[in-house]
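Here is a short tour of one structure, taken a piece at a time. Please keep the viewer open as you read.

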Amino acid sequence: MMRKVLQKLGKADETKDEQFEQCVQNFNKQLTEGTRLQKDLRTYLASVKAMHEASKKLNECLQEVYEPDWPGRDEASKIAENNDLLWMDYHQKLVDQALLTMDTYLGQFPDIKSRIAKRGRKLVDYDSARHHYESLQTAKKKDEAKIAKAEEELVKAQKVFEEMNVDLQEELPSLWNSRVGFYVNTFQSIAGLEENFHKEMSKLNQNLNDVLVSLEKQQGSSTFTVKAQPSDNTPAKGNKSPSPPPDGSPAATPDITVNHEPEPAGGAAPGATLPKSPSQTSLPAVVVETFSATVNGTVEGSSTAGRLDLPPGFMFKVQAQHDYTATDTDELQLKAGDVVLVIPFPNPEEQDEGWLMGVKESDWNQHKELEKCRGVFPENFTERVQ
């Protein structure tokens, strides 16, 4: 009779195990998804914090350049203060309403994962006790005392396993179903907070725009034109205009002209003999000479031009001091620290003011193909290193 019961239990266990394995697969998938969501949310929060700092510095710069006697100074200062508070509030609410909820949600998983592992061990104990009991039952020479003890151990092992098994069979499907509501609540919170943030930020930006329009009307009697100075031997194309680097350091800022009078006919700067690069004044004479030779289509006296480990026409190396995001397919994407091998333009007339042609050293070392790797980049984002 006992053996029939055990066989029936064995069959039931087999069915339950198939269901349980599916529950475990779902659990692992849910844990992986939740962990990724937590990671991406933390990255998002770090980006919000970085944007807050960048916005704060930009507003501090505005406060510094906004002269005391200009109208709207107090309003601009108040807008900057509210801007700072809005970023802080947004970040804090994201932490409270999304990240902490996420942490609580994921906090359930370690204990359940431990119990799943423990259930596996208790199942092994249960199966071992059952097989031991069955082997004693079928032995030619039966030892009733051993059989009785084995039966006692089997009942005990079965009870421990079943208690854990029943609890997990109920909890795992419930946890799996809870993911839908959790995802909905999390993304609704993020979407709602971001929507409200942008609404409030839009109001502040509109207010700042109104202040600046008022300043222009009261103070701006002249039109300020920012233009690069063309050379006397190359017409100013105006195809590309390099942006100033993030830190706005004087050595890396393009030369600009603030004109109140019409430009002389022909658009050429009288007496200019070299195309004026943004950082030319800080470069040694040898660089200026090399730069001049490059613009005129020649590379004179370049001892490295024929070296096999460097691209043809190589002139000198520069290192990116700031990140530069390419805005066209012919531009190089730079990260601060990237080393670029500067080479001449195939057609000197295509060179725009303040831009150099080059190939990133890492790309050249890997591919040795100029056609695929070369591109233009703003000189004022880099500094010569060799």
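At what angle do α2 and α4 pack, and how far apart are their axes?

## Helices α2 and α4

The angle is about 175°, and the axes of α2 and α4 lie 10 Å apart; axes are lines fitted to C-alpha atoms, for helices over the stretch in contact, with angles from 0 to 180 degrees between N-to-C directions. α2 and α4 are therefore roughly antiparallel to each other (angles under 35 degrees count as roughly parallel, over 145 as roughly antiparallel, 65 to 115 as roughly perpendicular and the rest as oblique). Their contact is made up of 18 nonpolar, 7 polar and 5 charged residues. Here Ala, Val, Leu, Ile, Met, Phe, Trp, Tyr, Cys and Pro count as nonpolar, Asp, Glu, Lys and Arg as charged, and the others, Gly among them, as polar.

This is a predicted model, in which local features need pLDDT of at least 70 and side-chain atom pairs pLDDT 80 or more, while totals for chains, interfaces and linings use all residues. Residues are numbered from 1 along each chain as its sequence is written, and side-chain values use heavy atoms, with hydrogens and water left out.

## Helices α3 and α4

Now turn to α3 (residues 109-137), which packs against α4 (residues 144-219) at about 150°, with 8 Å between the axes. That makes α3 roughly antiparallel to α4. In this contact, 18 residues are nonpolar, 4 polar and 11 charged. Helices are DSSP runs of H or I with at least four residues, and strands are runs of E with at least two, numbered from the N terminus.

## The largest cavity

How many cavities of 30 Å³ or more does a search of the whole structure find? There are 2 of them, and the largest holds about 50 Å³ of space. On a 1 Å grid over the protein atoms alone, a cavity is a set of points where a 1.4 Å probe fits but cannot get out, and lining residues have an atom within 4 Å of a point. A volume is the space filled by probe spheres set on the points, which are joined across faces, edges and corners.

The lining of the largest cavity consists of L86, D89, Y90, K93, L193, N196 and F197. By class, the lining has 4 nonpolar, 1 polar and 2 charged residues.

How values were computed:
1 Å grid on protein atoms, 1.4 Å probe; cavity = no way out; pocket = protein on both sides within 12 Å on 5 of 7 lines; lining within 4 Å.
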